[in-house]
Amino acid sequence: MRDTQLDPKLAQANFLVSAPSLNYCPAECGPEVGFCGRSNAGKSSALNTLTGQKNLARVSKTPGRTQLINFFKVPGTGGFLVDLPGYGFAKVPEAMKRQWQYHLGKFIAERQTLTGLVLLMDVRHPMTALDQQMLIFADHREIDTLLLLTKNDKLSRNQAAKARHSVQKRRPHSLVLNFSSLDKTGLIEASSWVRHHLEG
Ligand SMILES: Nc1nc2c(ncn2[C@@H]2O[C@H](COP(=O)(O)OP(=O)(O)OP(=O)(O)O)[C@@H](O)[C@H]2O)c(=O)[nH]1
Ligand SMILES: [Mg+2]
């Protein structure tokens, strides 16, 4: 069964501010759920799907679009959603790639108010070396992780289930969900995890 039910509080999310690095982030004033993953994995699309807003986070056909740390306030929860820059985009110069990875790593390792990390991975290419690196940062601080296998609509039901089982085996203590911004697979479960972590 496909989910179409929106979380009423996530639906009220609104843009707060963009920051170029950890130093420019807003003061730590409430629980934050970060969205990270490879460039083009579907982070911005997932944020739009979870909030039911077409243009909350920018979606792009050009990978590497989101280069800033974007904060969204979720009224009624005291918490924030954070769209993090994507990593691993081949066409970005090596030095710039390293700089983004550094900022992202620093955010995950040092942001005190980060209560949950959603790692988004294309269901066809999960657990790249950089994905695993982000999980190491999160595990180091015991931050809860939700693994969203995005673009689920691109695989058959059988292939998608296989992909999920294999990721779940490698991450027994994380929630692993098949997710699609196109057909809303996994929306209810993902919303409920995010809501829970926004409430501290
Ligand atoms: N079929 C399908 N396409 C998707 C899905 N989610 C995202 N896409 C497409 O994948 C591309 C990238 O999506 P974005 O949401 O911009 O990805 P991102 O991870 O935010 O990318 P960066 O900001 O560049 O790191 C766009 O063309 C989306 O339309 C999905 O669930 N199904
Ligand atoms: Mg994006």
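Okay, let's start with Glu 32: leaving aside neighbours within four places in sequence, Glu 32 is in contact with Phe 71, Phe 80, Val 82, Phe 107, Arg 111, Thr 113, Leu 114, Thr 115 and Gly 116. Contact here means heavy atoms within 4.5 Å.

Quick housekeeping. This is a predicted model, where local features need pLDDT of at least 70 and side-chain atom pairs count only at pLDDT 80 or more, while totals for chains, interfaces and linings use all residues. Residues are numbered from 1 along each chain as its sequence is written, chains are lettered from A and ligands numbered from 1 in the order in which they are written, and side-chain values use heavy atoms, with hydrogens and water left out.

Back to Glu 32, which sits in strand β2. Helices (H or I, at least four residues) and strands (E, at least two) are DSSP runs, numbered from the N terminus. Is Glu 32 buried or exposed? It counts as buried, because its relative accessibility is 1%. The cut-offs: buried is under 20% relative accessible area, exposed is over 50%, partly exposed is in between, with a 1.4 Å probe and protein chains only. And the side chain of Glu 32 has a polar contact of 2.8 Å with the side chain of Arg 111. A polar contact is a pair of N or O atoms within 3.5 Å; within protein, one must be able to donate a hydrogen and the other to accept it, and residues adjacent in sequence count only if both atoms are side-chain atoms.

Next, helix α1, residues 43-51. Eight of its nine residues are buried, among them Leu 47, Asn 48 and Leu 50. What do they pack against? The buried residues of α1 pack against β2 (32-37), β3 (69-74), β4 (79-83), β5 (114-122) and α5 (187-198). After α1 comes Gly 52, with a positive phi near 65°.

Now the cores. A nonpolar core is a set of buried Ala, Val, Leu, Ile, Met, Phe, Trp, Tyr and Cys residues joined through side-chain atoms within 4.5 Å. The largest one has 27 residues, and Cys 36, Ile 69, Leu 84, Phe 107, Ile 108 and Leu 147 touch the most other members. Which element gives this core its largest share? That's β5, with four residues.

The criterion is a side-chain nitrogen of Lys or Arg within 4 Å of a carboxyl oxygen of Asp or Glu. In helix α2 (residues 94-110), Glu 94 and Lys 97 lie three residues apart, about one turn, and their closest N and O atoms are 3.7 Å apart. Glu 94 is partly exposed at 45%, whereas Lys 97 is buried at 16%. Also in α2, Lys 106 and Glu 110 are four residues apart, bridged at 3.3 Å. Then there's Asp 122 with Arg 124, at 2.8 Å: Asp 122 is buried at 10%, and Arg 124 is partly exposed at 36%. Elsewhere, shared partners join Asp 7, Arg 195 and Glu 199 into one salt-bridge network.
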